[in-house]
Amino acid sequence: MKTLKKLIVVFCLLAPSVTMAQSKSFDQLYNEYSGKKGASTVMMSGDMINISGKGGSPDTKLKGMKIISLEKSLTVGTADINRLRDEAIALASGTGYKLIMDVRDDDEIVKIYARNTGKQGVMNGVVIITAENDEVSVIFIEGEIDSRDINRIRHTNDD
């Protein structure tokens, strides 16, 4: 599990190297859950992420990152968790993203989708979905991510 969580952190730190927008359907999904009882949502603009300066090239122009998270509670049931997971997978699969990583460990899954830009070593947007029986998180990173940035972040987090 420690490796899975580290992988998620690495991809979250990739956000400063992101520069192009994703499909509006991800924005619609985010807007649907934003403000919904029992849902946690986070939106970070490119300006905010670039201020942090973690991992990306100094000349990156980030569009942003959005996170939706549901945890089982009195207001959120298993059906809600499964619905968000299934909607996110369907959006990623149906909007040109390719599954690049699929990890299953007991009841935990991690799926990472990316779009290919046609340039070697560059992804055009990333969707990360993590789910367990009692919680789900969906992370949308908008834009281009260079493999050099991935390697730089990966080596930074080896400490």
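At 56% relative accessibility, arginine 104 counts as exposed, where exposed means over 50% relative accessible area, buried under 20% and partly exposed in between, with a 1.4 Å probe and protein chains only. The model is predicted, so local features need pLDDT of at least 70 and side-chain atom pairs count only at pLDDT 80 or more, while totals for chains, interfaces and linings use all residues. Residues are numbered from 1 along each chain as its sequence is written, and side-chain values use heavy atoms, with hydrogens and water left out.

**Overall fold**

- The chain contains 5 helices and 6 strands, these being DSSP runs numbered from the N terminus, with helices (H or I) of at least four residues and strands (E) of at least two.
- Along the sequence, the elements follow the pattern α-α-β-α-β-α-β-β-β-β-α.
- Of the 159 residues in the chain, 42% are buried, and the accessible surface comes to about 8,600 Å², of which carbon and sulfur atoms hold 51%; the areas come from the Shrake-Rupley method with a 1.4 Å probe, and for residues only the protein chains shown count as cover.
- Among contacts between residues at least 6 apart in sequence, 63% join residues at least 24 apart, a contact being heavy atoms within 4.5 Å.

**Nonpolar cores**

- The largest nonpolar core has 23 residues, of which Leu29, Leu70, Leu84, Val127 and Val138 touch the most other members; such a core is a set of buried Ala, Val, Leu, Ile, Met, Phe, Trp, Tyr and Cys residues joined through side-chain atoms within 4.5 Å.
- Two or more residues of this core come from each of helix 2 (24–33), strand 2 (64–71), helix 4 (78–94), strand 4 (108–116), strand 5 (122–132) and strand 6 (135–146), and helix 4 gives the largest share, with 6 residues.
- A second, separate core of 10 residues includes Val126, Ile139, Ile141 and Ile145.
- Leaving aside neighbours within four places in sequence, leucine 29 is in contact with Ile68, Leu84, Glu87, Ala88, Leu91 and Phe140.
- Tyrosine 113, found in strand 4, is buried with a relative accessible area of 3%.
- Not counting residues up to four places away in sequence, tyrosine 113 touches a set of residues including Ile89, Tyr97, Leu99, Val126, Val127 and Ile129; the C-alpha atoms of tyrosine 113 and isoleucine 129, which are 16 residues apart along the chain, are separated by 8.5 Å.

**Salt bridges and a charge over a ring**

- Side chains of opposite charge can pair when their charged atoms come close.
- The whole structure holds 6 salt bridges, each being a side-chain nitrogen of Lys or Arg within 4 Å of a carboxyl oxygen of Asp or Glu.
- Lysine 66 forms a salt bridge with aspartate 27, with the closest N and O atoms 2.6 Å apart; because lysine 66 lies in strand 2 and aspartate 27 in helix 2, the pair ties together parts that are 39 residues apart in sequence.
- Lysine 66 is buried, with a relative accessible area of 14%, and lies over the face of tyrosine 30 at 5.4 Å from the ring centre, a charge being over a ring if NZ of Lys or CZ of Arg is within 6 Å of the ring centre and within 35 degrees of the ring normal.
- Arginine 83 forms a salt bridge with glutamate 32, with the closest N and O atoms 2.3 Å apart; arginine 83 lies in helix 4 and glutamate 32 in helix 2, so this pair ties together parts that are 51 residues apart in sequence.
- Arginine 83 is partly exposed at 35% relative accessible area, glutamate 32 is partly exposed at 35% relative accessibility, and a network of salt bridges links Glu32, Arg83 and Glu87.
- Arginine 104 forms a salt bridge with aspartate 102, with the closest N and O atoms 3.6 Å apart, and aspartate 102 counts as partly exposed at 36% relative accessibility.

**Aromatic pairs**

- There are 2 aromatic pairs in the structure, where rings of Phe, Tyr and Trp (its six-membered ring) pair if their centres lie within 6.5 Å, and planes under 30 degrees apart count as stacked, over 60 as edge-to-face and the rest as tilted.
- Phenylalanine 26 and tyrosine 97 form an edge-to-face pair, at 5.6 Å centre to centre and with 85° between the planes; phenylalanine 26 is in helix 2 and tyrosine 97 in the loop between helix 4 and strand 3 (98–105), 71 residues apart.
- Phenylalanine 26 is buried with a relative accessible area of 1%, and tyrosine 97 counts as buried at 5% relative accessibility.
- Phenylalanine 26 and phenylalanine 140 form a tilted pair, at 4.6 Å centre to centre and with 45° between the planes; this pair links helix 2 with strand 6, across 114 residues.
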